[in-house]
Amino acid sequence: MALPTYTIRPALRCLRRAPALGSGSISSSHSFKTTTSKQDEATVETTTSNTPPPPPLDLDPNTVSTRREERLLLRTKGVHPIGSRRRRAALQSSDNVPFEQMPYQCFQEARKVLQEDRESKLEQITEMRRRIARWQNIPAEECGGEVAKKGKLVRMQKYLEELKILADINDPVIKKRFEDGMGDMNRPIYRHLADQKWRAYKRLLLMQRISQMHIVPDILAHIDPTAEVSLGFGRRNVQPGEFVDSRVSEMPARLNIQVFDKGERFVSIAVMDPDVPDEERDTFGSRCHFLAVNIPVSPTSTSVPLSKLNKDNHIVYPWLPPYAQKGAPYHRLAVFVIQQDKTSFSADGRVDVETLRKSMGRRRERFSFRRFTQGKNMHPIGMHLFRSKWDDGTDGVVQRADIEGFNVEFTRKKPEKLPYKKKDGARYR
Amino acid sequence: MHPPRIRIPPLATTCRSCLSLRSRPSRFLPLTQHRPASHASQGRANKAAPGPGKRLGAKKGASELVVPGNIIFRQRGTHWFPGENCGMGRDHTIFAKEKGYVTFYKDPAAHPKRKYIGVVFQRGEKLPVPRNAPRRRRLGLVGRERVLSTIATAEGMEAGGLVESQGTMRQEGMKTRSKVPALRKVELRPGYQYRESNWSIGRAAERANVRVREYKRGDRFLAWRKLNARKARNAERRALGSRKKKGSSK
C-alpha cells in the first residue's frame, strides 16, 4: 500500500505546491522570490507529520494529481478534478503564466498572426450576416424562384456556421478551455470540438457494435447517429454492447444525451428488445421496455435520468426490467433517442401523450420500431445498446416486477433427420 | 543436345587393323553400348496415373431439403462460400446449419465476385435478403416449465457484489462487505456437480482464519531474508544429494 503523500516526501510536496500557492499573483511569480517564506512552511509540515492528525490539504482541482487527493477533493468539496492527471501534475511545477505574458517572442508573433486571422474572420461573419438579411428581404421571383432562394439561404447559413468555427479554431485559450472540460456548449466552437472528439473514437465504437450486433437490419433500416448518448445504471457506466447484470438493470437507466447542434428540441426515448423468443412462430419477436416522449434536450441540458421523468407528461411505457429466460440466447437492448421534428401541426415538435397512449394500448409485445417512427416526423439521432442474459438475479428481478411467464426454460429442439432412402431391391440380389 | 555420335568403322577395315595389330586387342569397341535417355521414363513427365477420385462437387441441388449437418458441397479451396445458415468445414466443405432448402446465389453487396450457398426456411425464398430488411431468424428452441427446485430465490441476491439498500441495488463497498463470507449452500453447477462456487472456495482460508503476512511491494529486507533462507536450503539439499551420490556409487 502506498503511504500518504504528506508522510513520505514533505520536501517534494513543498516544491510541488509552491507554484500552485503563488498562482494567485499572475505576474510570472518566479519561485526564487518565495523560497524563504516557503522554507518555514516546509519545516512546519515536517514537524506536524510526526503527530498523528495530518495537516488539512488545500486541494485545488487544477493541481491534484494523485488518486488519493482526487478522491479526497471529490469527497470533501464535491469538486471534480480538471483535465487529465498528467496535465494537473505538469501544472504543479509550472508558473501558470497566461499566454499573453509568455516571454517567447516567436510564440507571441504567432499569436499576433492568429489574432489577425480571427479579426478577418469576424469581419467576414458580419458581412455574411448582412448578406443573409438582405437576401431574406429580396422577393423570390427576383432570385429565380422559391426553391433557389431557399437553397441559397441554406448555403449561406452553412457558410456562416463554418466561419464561426474557423474564427476560433486556432485559439490556444479555447483549446485549453475545451481540454479542461470548461467549454461552453452554447458556443459553436466548443460544440464542434466536442463533436470531433466524439467522432474520433466513441462514435466509431458505437457504429461497430451496431453492425456487429445487427441492430441495423433487425430493428431499423438505417441510422446515422449525430448525438452522443451515454448510459449508466446508478454509478455504473455501460459501454455499448456490454452485458449488464439483470439486478443492475432493474432500476431505470440514466441517460446523457449530448447534441452538437444548437437549440432546444424534444426527443423521445425508446428501449427495444428484438430478441424475445416467440415459440409459436418459431422465431423472435420484439418488445418495448420503455417509451417516453417530449423530453427537452439542448446542448447544455444533457442529463436525462429515466426514473425522474414525469409520469403524466412523458412516459408511455414505464421501465420494464430487461430479462431473459433460462436457455434463451442473449437479449440485445437498444436505447434510441428520437428527435421529434417540428411540423405544421405541432410547431415545437411535441407529441400528444394521451393519444399515443391510447393508440399504443398496453401492447409492449410486438412493438415495431419501424412502424413507430414511420410517417411521424421522428428520426433517431442517437442510440446506445447493452445486452442481458439469464443470470442468478433474473428470477428475483422478474418476481419483483410481477412479470408472468418467466418460469420457462428453453432447450434445443432435437434436430430432425432426413428420411432414410431405401435403395432399390435389385442391388441386394 | 544430340547424343554423341559414335562412328563405327566398316568391318573390313576393322579386321584389317585387327590382323595388323594383333598385339593390341584393346582397340576393339565394347559389344554392349550405353545410350543415355533422352526422355524421362518415370514420374511426372509421363502423366502419372490420376489416383482415386475425391468425389468432389455438389451433394445437394438447389431447393433440395437439408437438415443441420448435411453436406451440400465438397470442394478443394473455396469455389463456393458459406452464405445464410451454412457453415464451412476444415476442408472447405459447405454444410447446412439449419433445416431448409438449398440456394446458390451471389451477393454483390457483400462481395462482388463470390458465389454463396445458403439455406432458406421456406421453399422458393430468395437470397440474398434485401440489405435493410430484418434478418430471418429461427428460434430452434422448445420451452418447458422450469422445475421449481432450480429456481433460486432471494438468496441469489448477494452474488455479484450487490446488496439491497433503501429499495435499490447498490454495489457492495469496502465498508458493507463482510470480512469473512459465510459458507454458501452447495448448489447444482454446470456439469452436474453439487458444490460451492469457485469464489467461495477461494475464500476458504479466510473462513479457517488463516493469517497471511500482507504483501508489501518493495520490501527488500523480507526479500533478502527469503533469499538467504533459500540459499541455505539449497546448500543443505546439495550436501545431502552429494552424500547420497557417493553412497550409491560405492
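Two residues are in contact if their C-beta atoms, placed from the backbone, lie within 7 Å, and helices (H or I, at least four residues) and strands (E, at least two) are DSSP runs, numbered from the N terminus.

What you see is a predicted model, in which local features need pLDDT of at least 70 and side-chain atom pairs count only at pLDDT 80 or more, while totals for chains, interfaces and linings use all residues. Residues are numbered from 1 along each chain as its sequence is written, and chains are lettered from A and ligands numbered from 1 in the order in which they are written.

With that said, helix 12 of chain A, residues 353-360, lies across strand 6 (283-297) and strand 8 of the chain, and runs at about 5° to strand 8. Both strands belong to an open, mixed sheet of 6 strands in chain A, ordered 3-10-9-5-6-8, where two strands pair if DSSP finds at least two bridges between them. Its edges are strand 3 (242-243) and strand 8 (315-317), each of which pairs on one side only. Further in, strand 5 (residues 265-278) and strand 9 (residues 331-340) of chain A run antiparallel and are joined by 7 bridges, with Ala270(A) standing opposite Phe336(A) of strand 9.

Which residues of helix 5 of chain A are buried? Taking buried to mean 20 or more other C-beta atoms within 10 Å of a residue's own, exposed 12 or fewer, and partly exposed in between, with C-beta atoms placed from the backbone, they are Arg88(A), Leu91(A) and Gln92(A). These residues cover an arc of only 105° around the axis, which puts them on the same side of helix 5 of chain A, the arc being that of the directions from the helix axis to the C-beta atoms.

Beyond that helix, in the loop between helix 5 (85-92) and helix 6 (105-137) of chain A, Asn96(A) has a positive phi of about 60° although it is not a glycine; with 17 C-beta neighbours inside 10 Å, Asn96(A) counts as partly exposed.

Turning to chain B, we have 4 helices and 13 strands, and 9% of its 250 residues count as buried. Asn209(B), also not a glycine, has a positive phi of about 65°, and is exposed, with 7 other C-beta atoms within 10 Å. Finally, the peptide bond from Leu127(B) to Pro128(B) is cis, with omega near -5°, and Pro128(B) sits in the loop between strand 8 (115-120) and strand 9 (141-145) of chain B.

How values were computed
Axes are lines fitted to C-alpha atoms, for helices over the stretch in contact, and angles run from 0 to 180 degrees between N-to-C directions.
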